[in-house]
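Have a go at each task before you read on.

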Amino acid sequence: MTSRSSRRSYEGVAVAVPVTVPYVRYSTHGAHWFIGRAIEALVERSRIAKDAIDGLTVSSFSLAPDTAVGVTQHLGLSPRWLDHIPTGGASGVMALRRAARAVQAGDADVVACVAADANHVESFRQMLGGFSHFARDASYPYGSGGPNSIFAFITAAYMRAHGATREDFGRIAVAQRANALANLGALFKTPLTLEQYLDARPIAEPIHLYDCVMPCAGAEAFLVMREERARGLGLPHVLVRGAIERHNAFADDPVLLRGGWLVDRDDLYAQAGATPDTIDFVQTYDDYPVVVMLQFEDLGFCAKGEGPAFVRARTLTHDGDFPNNTSGGQLSAGQAGCAGGFLGMTEAIRQLTDDAGARAVTDAKVGLVSGFGMVTYDRCLCTGAVILGRSS
Amino acid sequence: MTTPLMKPRRKNPVLRTRQMNLPPFARGRTALGMTAAAAEGRFELQVCERCAAVQYPPRDACHRCLSSQLKWTPQGGAGELISETVLHHSNDPFYRERLPWRLGLVRLDAGPTVIVHLHGDVASPPPAGGGEPPLSRKEVRVHVGARLDRAGAAVLIGFPPEESEHMADDKMLREMTSDPKFRKILVTDGKTEVGQALVKALVKAGAEIVWLGHAEPWKKLPGLADITSLPQVTLVPLDLTNGRSVGALAGEIGGKVDIVVNNAEVHRAFGIAARRGTDAAKAEMDINYFGLLRLAQEFGPALKARSADGETHAAAWVNVLSVYALSNYPPHGTFSASKAAAYSLAQCLRAEMRPSGIRVVNVFPGPIDDEWNQNLPPPKVAPGALASAIVKALKEGIEDVYPGDVAQEWVERWRENPKVLERELAAGG
């Protein structure tokens with residue numbers, strides 16, 4: 001793909017203080033509550049005064065009619081740089097990219113990136129019908145399955161095109177569950193066998209129960225600042241080595257079998273001075289296992305169509321030869337709305353700052369975090385990826 | 001192939017009659033263009049007038065060249081099924097009650113990828129996980145059409161390219177239509193040729209019972225004996241000018257009627273100056289407007305209550321109006337006025353029926369080839385053709401019907417410029 005050598009590096013940008021506000025299936029609290037808890041934790045753990053946070057990004061589906069603007073008054077913040085990034089599964093990558101540039105430019109010194117969503121008993125259903133104009137007009141009236149029906153189409157088309165089987169997708173889900181057992185915060189706490197995966201009830205064929213995430217409430221957050229600042233504060237941190245995003249790529253493809261990563265990945269690896277072989281772990285966006293497989297291909301870990309063979313050949317657990325979604329991912333930890341787009345980012349920071357406990361990837365030095373978000377009609381539109389490296 | 005629908009068993013009177021949950025009906029203003037076309041039985045998508053790109057989902061600017069000149073244009077609907085799913089879970093009560101539900105992803109030859117309700121006769125793409133044939137081989141062809149769903153909003157449907165005998169009995173498709181098969185139907189006036197043609201057409205389409213209204217049962221009218229000898233047909237007393245008569249019949253059969261076809265009308269010639277007094281105009285209004293009002297007040301609630309009552313739920317209400325309802329035809333001026341009043345009331349009825357999923361079909365024939373249009377030159381709509389158009393509308397889920405060449409031409413002229421049509425009609429047509 002075309003190389004864009006004019007991209008400036010992300011040199012000197014540090015990412016620190018990964019925060020997870022514990023997930024719960026349902027909560028009576030609203031999004032502001034979860035954002036408040038996340039920023040409180042950022043302040044406490046960084047020992048940076050609340051008033052010193054001069055940049056803020058907010059990602060949430062359940063904040064409406066508020067945006068990041070309302071959050072500033074609600075929480076008594078007065079940032080000099082503000083962004084609202086409601087791009088769901090791509091919001092983590094996008095928040096990091098924007099915050100990093102703000103810090104490099106001196107528009108902000110310390111940026112808090114927060115994603116949070118509430119989940120009331122009725123929330124998910126209410127969100128689906130009004131998710132986008134195209135969803136209201138052209139997908140929700142067709143069976144009202146939400147993303148399940150869209151990813152059923154994509155999964156079935158992928159299976160036909162590349163010969164993937166349900167077992168192949170099952171390997172991804174089962175490995176992530178094994179990872180989740182070492183993550184106390186994960187909603188799913190019991191092992192999952194391949195037999196259980198295959199025997200699960202159908203939801204939208206060929207998607208079955210364990211191909212789907214569990215919607216929940218929770219928040220994820222991190223801080224972005226200059227490397228010297230993080231070092232001066234004594235904060236364990238990681239460095240941004242490269243980052244890309246792309247929206248509405250391959251719009252003429254009849255069905256999504258490749259994502260926007262493919263357009264920009266060469267730039268990503270060039271910027272990071274890395275190759276797929278030198279990546280120690282990946283945190284892929286995993287709203288459905290087929291999407292994980294697409295990322296393995298489109299980010300260059302295997303060729304297009306070789307996803308099934310790749311997952312048969314590799315071990316995807318945190319202690320395997322290709323660690324993927326070491327926290328359990330959304331499939332096993334839960335999907336707290338937009339926070340699902342931050343889950344891989346906080347986990348990657350933990351892995352590269354020796355904070356991953358029992359699920360630590362041995363000798364991890366470089367990790368890749370990928371984002372994928374926003375099914376407005378028949379596919380996800382936003383893709384992005386970040387390569388993070390251990391600070392020396 | 002679709003399994004033919006069997007005659008439903010008698011309803012268990014102990015069970016509660018299921019109430020209607022409509023499918024999601026919210027649509028943006030732009031997207032309603034698809035509903036407007038589907039209401040007349042057409043599948044239209046926006047086509048860019050500058051670069052010819054076909055748009056879907058409906059948009060406000062061309063996705064290729066950014067032009068805002070997007071014109072709703074009839075589509076052939078041919079396409080390839082590129083993926084399918086069967087839902088076993090839905091977030092919406094309407095679908096939850098009807099699972100499993102089959103959906104398809106279709107690449108139209110015209111360009112866009114569309115999500116469709118998939119007819120059971122469409123073949124599946126090769127089995128998932130087979131792995132042998134790449135996407136390009138073994139194409140499954142489909143024909144995409146637009147239909148109104150139970151909420152009256154347009155949805156796209158993937159049909160098999162070849163028609164088959166019982167395809168109308170497909171469970172999904174039957175939700176989108178008001179097919180007369182196994183339904184119980186009231187036709188309000190049996191004395192006219194149109195009424196009798198309607199009965200024959202409805203019986204032929206598989207109606208289980210046709211109740212045929214007769215305002216003056218003591219009169220032996222031509223043709224009526226043939227009709228009532230059909231085993232499905234029962235003559236019932238019904239005088240639309242008399243609220244008590246309408247109420248009495250509703251009390252007797254209201255809870256059983258699945259489709260009401262109101263064809264009763266009074267039609268006298270002339271406008272204002274050629275006839276003294278208001279008697280003829282009052283008689284026209286009494287049947288054409290107040291008759292509809294009386295009928296709707298008595299039969300409407302019962303229909304609404306049974307709109308989700310099994311496979312032969314109450315489904316539709318048909319008004320035989322006139323194309324003169326759109327713009328006054330001065331030689332039949334008072335008749336035109338009564339039909340305009342009826343049309344306006346029918347729009348109200350449609351709005352009130354919509355929350356229950358009962359389709360209101362408005363039929364706008366040009367001059368019918370009957371005794372009251374004796375002096376008009378052809379073309380005129382034959383009663384049999386009008387009846388066929390109504391049955392077709394019920395079978396295909398159409399909401400606005402303009403049967404016959406005259407009606408087709410009038411509606412085209414009316415859409416182009418109602419003022420020009422008014423001037424032309426004032427000048428004699």
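**Exercise 1.** Find how many helices and strands chain B has, and decide how compact the chain is.

*Solution.* Start by counting: chain B contains 12 helices and 15 strands. Here helices (H or I, at least four residues) and strands (E, at least two) are DSSP runs, numbered from the N terminus. Next, take the radius of gyration, which is computed over C-alpha atoms, and the globule rule, which is 2.2 Å times the number of residues to the power 0.38. For 429 residues the rule gives 22 Å, and the radius of gyration of chain B is 23 Å, close to that value, so chain B is as compact as a globular protein of that length. Finally, the C-alpha trace of chain B spans about 80 × 60 × 35 Å along its principal axes.

A word on the source: this is a predicted model, in which local features need pLDDT of at least 70, side-chain atom pairs count only at pLDDT 80 or more, and totals for chains, interfaces and linings use all residues. Residues are numbered from 1 along each chain as its sequence is written, while chains are lettered from A and ligands numbered from 1 in the order in which they are written.

**Exercise 2.** Describe how helix H7 and helix H11 of chain A cross.

*Solution.* First locate them: H7(A) covers residues 166-180 and H11(A) covers residues 289-298. Their axes come within 9 Å and cross at roughly 95°. Axes are lines fitted to C-alpha atoms, for helices over the stretch in contact, and angles run from 0 to 180 degrees between N-to-C directions. That makes H7(A) roughly perpendicular to H11(A) (the class for 65 to 115 degrees). Now list the partners: Phe169(A), Ile172(A) and Ala173(A) of H7(A) meet Pro289(A), Val290(A) and Val292(A) of H11(A). Residues are in contact if their C-beta atoms, placed from the backbone, lie within 7 Å. By class, this contact has six nonpolar, no polar and no charged residues. Ala, Val, Leu, Ile, Met, Phe, Trp, Tyr, Cys and Pro count as nonpolar, Asp, Glu, Lys and Arg as charged, and the others, Gly among them, as polar.

**Exercise 3.** Work out which helix gives the most to the side of chain A that touches chain B.

*Solution.* The contact takes 39 residues from chain A and 37 residues from chain B. Elements of chain A that each supply at least two residues include helix H4 (123-129), helix H5 (133-139) and helix H6 (147-162). H6(A) gives the most, with nine residues. Sorted by class, this side of chain A has 20 nonpolar, 11 polar and eight charged residues.

Conventions. Angles under 35 degrees count as roughly parallel, over 145 as roughly antiparallel, 65 to 115 as roughly perpendicular and the rest as oblique. Two residues are in contact if their C-beta atoms, placed from the backbone, lie within 7 Å.
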